[in-house]
Amino acid sequence: MRSNKKVTGNHFDLGDFIREYFASLCAIAFKITGDSDAAQDIAQEVIIKFWENKKQHENLESIENYLFIMVRNESLNYLRGLAREKNRYEQVTFINEQEDSVWDTIIEQETNLLLLEAINALPPQCKRIVDLSLAGNNTKEIAEELGIAVNTVKVLKSRAIHKLREYFSENDIWIEF
């Protein structure tokens with residue numbers, strides 16, 4: 001900032017004031033915020049605030065110091081506002097993720113209930129094979145547990161899957177097997 005003029009009389013109009021201080025105010029605001037668009041907005045806001053209240057500032061010893069303090073404060077307010085906005089965004093994102101998680105859990109539980117209902121509607125031998133499969137047993141282990149041939153397990157498992165598909169199709173439920 002170049003001069004230390006007092007803001008009085010008609011010899012110092014708004015245009016002169018802007019030409020005198022705008023670039024310096026932008027530079028200070030940019031140094032604090034790191035954002036050139038925000039710096040220009042802040043410098044403009046400071047000039048407007050100062051100019052609207054220029055009568056209160058007639059006896060300032062240093063306009064430059066006063067404007068520097070105004071720019072610094074406005075820049076810090078801008079940064080605090082960004083931090084608050086980021087915090088709000090993160091909270092909304094967290095809430096949305098929680099809601100999505102709740103909905104995913106509800107859908108998963110509903111799907112599990114539908115699947116259990118469909119499994120319970122299977123013939124007893126097919127139901128037992130599906131239960132053992134869902135428990136993590138492979139075809140050979142199921143055959144040994146039930147005392148039947150591996151091919152019988154494969155056939156009964158295939159029938160069970162076919163009947164489950166029919167059940168879901170009849171009830172307009174889409175599940176991928």
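This is a predicted model: local features need pLDDT of at least 70, side-chain atom pairs count only at pLDDT 80 or more; totals for chains, interfaces and linings use all residues.

Reader: Fine. Which handedness does the crossing of α1 and α2 have?

Author: Right-handed.

Reader: At what angle do the axes of α1 and α2 cross?

Author: Roughly 135 degrees. The axes come within 8 Å. Helix α1 covers residues 14–33, and α2 covers residues 36–52. Angles over 145 count as roughly antiparallel and 65 to 115 as roughly perpendicular, so α1 and α2 are oblique to each other.

Reader: Which residues meet there?

Author: On the α1 side, they include Phe-17, Phe-22, Cys-26 and Phe-30. On the α2 side, Ile-42, Val-46, Phe-50 and Trp-51 are among them. By class, the contact has 16 nonpolar, four polar and no charged residues.

Reader: Cys-26, then. Buried or exposed?

Author: Buried, with a relative accessible area of 12%. Cys-126 is buried too, at 4%.

Reader: Switching to α5 and α6. How do their axes cross?

Author: At roughly 105 degrees, coming within 8 Å. Angles of 65 to 115 count as roughly perpendicular, so α5 is roughly perpendicular to α6.

Reader: What makes the contact?

Author: From α5 (residues 139–146), Thr-139, Lys-140, Ile-142 and Ala-143. From α6 (residues 150–170), Val-150, Val-153, Lys-154 and Lys-157.

Reader: And how many charged residues are in it?

Author: Three, with four nonpolar and one polar.

Key:
Residues are numbered from 1 along each chain as its sequence is written. Side-chain values use heavy atoms; hydrogens and water are left out. Axes are lines fitted to C-alpha atoms, for helices over the stretch in contact, and angles run from 0 to 180 degrees between N-to-C directions. Helices (H or I, at least four residues) and strands (E, at least two) are DSSP runs, numbered from the N terminus. Angles under 35 degrees count as roughly parallel, over 145 as roughly antiparallel, 65 to 115 as roughly perpendicular and the rest as oblique. A crossing is left-handed if the near helix is turned anticlockwise from the far one by less than a right angle, and right-handed if clockwise. Contact means heavy atoms within 4.5 Å. Ala, Val, Leu, Ile, Met, Phe, Trp, Tyr, Cys and Pro count as nonpolar, Asp, Glu, Lys and Arg as charged, and the others, Gly among them, as polar. Buried means under 20% relative accessible area, exposed over 50%, partly exposed in between (1.4 Å probe, protein chains only).
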